[in-house]
Amino acid sequence: MKQLACLIGLFALFTVAPVCIEASAKRAPAQQQDRAQGGSPAPKQTAAQKAPAKAQGPAQGQPPAKGQASQPAGSPAPPPPPEEAPVGPALDKLSASLKQIEANLERHDLTDAELQALRQQIDPISGDVAGVIDRLTPLLSGIKARLDQLGPKPDDQAPPESPAVTAERADQQKLYNDTDELLKRARLLAVAADQAGANIMARRRTLFTRSLFARATSIVNPTLWIDVWREAPSDATAMRGAFSEWIHGINNRLDGQRLPVFWGGLALIVLLYLPLSRLARRVLERNPAVPEPSRFRKILGAWWVALVVTVPAVAMIFVIGLVFQTFDLTNARLQPFIQACGEAIIRIAAATGIARGLFAPTRPNWRLPKLSDPVAEGIVRAAISLACIVSATRLFEALNDIIGASLPVAVAMRGLAAMIAALVLCSELWRFGGAASADDCLGPEVAKGRDWFDVFRVAAWAVATAIAVSVLIGYAAFGSFLTDQLFWDGAAACVLFMSIVLVDEAIGAGFTPTARLGRRLITSIGFNRGSLELVGALASGAIRLALFVVAAILVLAPWGLQSSDVPIDFRAALFGFKIGDVTISPVSVISAIGIFTLAFAAFHAVLQWIDSTLLPRMNFDLGLRNSIRTSLGYVGFVIAAGLALSYLGLNFEKLVLVAGALSVGIGFGLQSIVNNFVSGLILLWERAVRVGDWIVVGGDQGYVRRINVRSTEIETFDRSQVIIPNSNLVTGVVTNLVRNDRTGRIIIPLTVSGSANPEKVREVLIAIAKSHELVLNIPAPQVLFTGMSASALNFELRVFLSDVETIFRVKSDLHFEIFRRFKGEKFFDTPGPDATKVEIVGFENLGRL
């Protein structure tokens, strides 16, 4: 836990320090400009000074207005409510700002930085216009509702209306026209702002593509190096002049003891960096004596190494920046180079820390990826080399902007750096192949999972080849961009992998019933063991999704996606777009789902009370109760869906339009579903088939257990579930054995010897039937003489039961008793009763089915 707390603290410092450096770097030129102007910032006007005189309440000595409580003497007056700024002047100001931006966009020589600055000016305009639209839209709807209540102006034949109503209608109509005009202007400005932003994004992408694929002289062309030899002395002289002027300015501005204090402080900071960084690495060091640490300890160790290597470098740059600001020695001209130096140190330190923490070249037992020692060492060397090359390229680009270096020198330095990066990468990849061959298994082949390292190695070979070919054919800018992108994507992938592993292991260790956090959640919140693991899995999935989104944004950043673009795109993704009067956005959809869930849950709670408390006291049978419960459930669903759709802005008229558009699809693709749904409603309302009924449908028979929206569930006598579409129950032939009552009939066909006495047979069968307790006396049992021949006589015994569910037991009892009595009476010259068929019908239908 101490290691995890240290990780959190260092991560906070690592996150805040670059922001402070950038803020201080941006604040220094502004301070210099203020000092150069010799003025001080004007004091801010207080809210009391801005408040108009009319908002100060009644004048002294004037009684308070009706409905307002009088205040005692000496008590402070309540602050006046803030007045909203007039919409018209605000729109005029926003329109003027937007026109100025559009006028600037008419220039065709704008750089990427200038386009980005214009984009940052559009963002506040879009926000202000959106606020005006949100303010005017409900206002216009309220005015329209009042006009609808007043109605149209009566014609000449209608009785005249009162002058007060006429005047009110005129006032409301004027207010409606003015508000509608302002809303149209605001929407027009919103569209213009979106178009200007899209224009800027398109121009930036075009500029990025043009600069990326601009072809120059190849580095293998001798002409390029002749031009570099000719231009290099002048560029070096300009560079020495710029730095000499800065250093001389520092020495001249620091008088007395300040000069040695400044340089001594810088030297002390640099000298303290190495011992402090080494000391930080020894704190909570990964112990090589641990034979097999857990995955959680491995990822904690990896993050610890990454932070203790990176954070001291960040702290050193931050302290050096503070020293320069303290002595007021910042230089606006050299500021890009100074900032590039700080970024280079942080970049190299971060690459070293992440690579050594993740791949652990000297601690194989702490290594997360399953790689050999030579491969891990090669990856670390390649990462540090690429960081140095990218940093050197950025430093030269900053110098190029400062001194205005010649084009041949810029092309040569970019191409040379990209070619060195490609050669270093190819060299390490070649060593990876040798190490992998040395580690090949010489025994029998075994099954293994996908080797992602081979995929990454092939991709790295392809990128290295593309860099080398691009530089050789003259596309040095594209080769340099591929180098930067390779380093940036690799760093983002490593950080993403480490973050995912840390999240999975931390949640896996914390959201378990045996962990302290898991026990606290179980005892405090009430989670059980299964739900605790489910919450952990959902939290892990949500954090994974957020990490992937952040990684995607970081990967796309070098392709022109800037940090200022992300909030706009994120806001557009969340708050959506409008189609007519309907707003489509994830936020509105999620809110509508929440409204539907709450409304349906409330209705479901009421339905549960009705089903458990009200309906049992109304003496309704089970089928009627199920019909009422299901119908009310459909009503609750429709009401909840209506509330959710009304929140989205879909009224009945729009739903009719949507239904008309979907009618073709419903007619063809959803015909059976709609048919079954309507059939389910018919079954619930007609109640021809109820829950608990014993029905026979085709070859299936059993009890109706549930009538759903699409189908009906039947439980057969062997406890299996049969799902029957509702349309089959409505359009097909269904036998309901308990529709009106539960009476049933048994028909037992019998065959006796031709020499038997028919009267005796009937007497015995009637006696057997009346002797059974479950056989009804009314209707009385019947014996029918159905046929005869020279060798056999055919009879049928028909009896009625009060409960059709006992029919199988009664039939079995009658068979046993008939066999026993017939055998005693010697009615069998042939085998006993031929009970080949027993048919069951309701009491109201005496015919054979």
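Contact means heavy atoms within 4.5 Å of each other. This is a predicted model, where local features need pLDDT of at least 70, side-chain atom pairs count only at pLDDT 80 or more, and totals for chains, interfaces and linings use all residues. Residues are numbered from 1 along each chain as its sequence is written, and side-chain values use heavy atoms, leaving out hydrogens and water.

**Exercise 1.** Find out where K298 lies and whether K298 counts as buried or exposed.

*Solution.* Start with the helix: K298 lies in α8, residues 295–326. Helices here are DSSP runs of H or I, at least four residues, numbered from the N terminus. Next, take the cut-offs: buried is under 20% relative accessible area, exposed is over 50%, and partly exposed is in between (1.4 Å probe, protein chains only). K298 has 12% relative accessibility, so K298 counts as buried. Last, look at its neighbours: leaving aside residues up to four places away in sequence, K298 touches E292, P293, N365, W366, R367 and L368.

**Exercise 2.** Work out how α9 sits against α13, and which residues meet there.

*Solution.* First, get the axes, which are lines fitted to C-alpha atoms over the stretch in contact, with angles from 0 to 180 degrees between N-to-C directions. Those of α9 (residues 335–359) and α13 (residues 476–510) come within 11 Å and cross at roughly 45°. That makes α9 oblique to α13, because angles under 35 degrees are roughly parallel, over 145 roughly antiparallel, 65 to 115 roughly perpendicular, and the rest oblique. Now pick out the residues: R347, A351, I354, L358 and F359 in α9 meet F487, C494, V495, F497 and M498 in α13.

Key: Helix = DSSP H or I, 4+ residues; strand = E, 2+ residues; numbered from the N terminus.
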